[in-house]
Amino acid sequence: MPAPLCVALVAGEASGDILGAGLMRALKARHPDVRFIGVGGPLMEAQGLASYFPMERLAVMGLVEVLGRLRELLARRKLLIQTLLDARPDVFIGIDAPDFTLAIEARMHQAGIKAVHYVSPSVWAWRQKRVLKIREGCDLMLTLFPFEARFYEEQGVPVKFVGHSLADQIPLQADRSQARQAIGLPLEGQVVALMPGSRGGEVRRLGGLFFETAERLLAARPGLRFVLPCASPQRRVQLEEALGDRSLPITWLDGQSHAALAACDAVLIASGTATLEALLYKRPMVVAYRLAPLTWWILKRMVTSPYISLPNLLAQRALVPEILQDAATPEALAEALLPLLDQPQVQTAAFDAIHHTLRQDASNQAAEAVLQLLAR
């Protein structure tokens, strides 16, 4: 019987909660006597994690936006580090949220506790000097994408490309008709999914813009319908307010973003993990994003990558349109999206190859890598 194992995990938002839950499930299958401590969301809690505080307290994005919460975040991290040092887990796994978790990993590593980071920060795009801290304080980097693993290998960081659990979960070919039936959309006619993000700031900047774009699309294609999956009840209220008195044929969904992607013909989408989901569902997309003006000004001077969206980073070329900040107007978004309703293969032909590359049985690969690290 293997010795009891204590695994500490910290996830900062919904995508990390998904990855953490999959990893926990795979660890339990290999090591029945394992307990979990740390911070996570409902999916990780369902796998047995008692979260020290609500994961939502870490879900903040943007340089300027973080400043308003900095005191709270630093206090939470300080207390969490001490709590973990007292508990002395066998391994600490930081899942994404690098500005919060990398410092915890460094402290665990200094204390002789194995430290793993799951989901690479964008060190290949900006703030590349962070890789030096990662090399000093992280025993293993688990990457979702192959281009990230190549970067870490070149920098001398122990790394394992594990693939992405979404690529394992999402079928290689989704049934559009079945998805439409499930959410009450007509089988005939074209449908555009509107996905303006899951955070309040994203919806505030993109919600009205996406509705104005939908009006232009509808004027060009009178039979067009829209589907809008809301990430939470709060986002639904926010989006309904942004819609105002506009009259648009929208099917509203609570959650169910995968159902919306399976059912639609094309997507107008905020940059983020959802763009990977759209790619895996083989739905052509236009990516839009707006940041606080100061955050945008700072990032423009720091980012070295020519792309921000995951489809373009994975393809290493401008596969999908990225329309950002002041360039993101209703006219520009509608003009980019309309041709995709007629010629989706311009994008989707490349999506299938990327899906196969990422389909690596990620949760099991990650669990094996963690246990091998502990065995060394």
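**Exercise 1.** Determine how many residues of strand E8 (residues 191-195) are buried.

*Solution.* Strands (E, at least two residues) and helices (H or I, at least four) are DSSP runs, numbered from the N terminus. A residue is buried under 20% relative accessible area, exposed over 50%, and partly exposed in between (1.4 Å probe, protein chains only). By this criterion, 5 of the 5 residues of E8 are buried, and the strand is mostly covered. Next, consider direction: Val 191, Ala 193 and Met 195 point one way, whereas Val 192 and Leu 194 point the other way.

The structure is a predicted model, in which local features need pLDDT of at least 70, side-chain atom pairs count only at pLDDT 80 or more, and totals for chains, interfaces and linings use all residues. Residues are numbered from 1 along each chain as its sequence is written, and side-chain values use heavy atoms, without hydrogens and water.

**Exercise 2.** Identify the bridge partner of Ala 193 in E9.

*Solution.* Two strands pair if DSSP finds at least two bridges between them. E8 and strand E9 (residues 225-230) run parallel and are joined by 3 bridges. Within E9, Val 227 is the bridge partner of Ala 193.

**Exercise 3.** State which residue of E11 stands opposite Leu 194.

*Solution.* First, E8 pairs with strand E11 (residues 266-270) in the parallel sense, over 4 bridges. Second, the residue of E11 opposite Leu 194 is Leu 268.

**Exercise 4.** Give the order of the strands in the open sheet of 7 strands, and name its edge strands.

*Solution.* The order is E3-E2-E1-E4-E5-E6-E7, with parallel pairing. Strand E3 (50-51) and strand E7 (159-161) are the edge strands, since each pairs on one side only.
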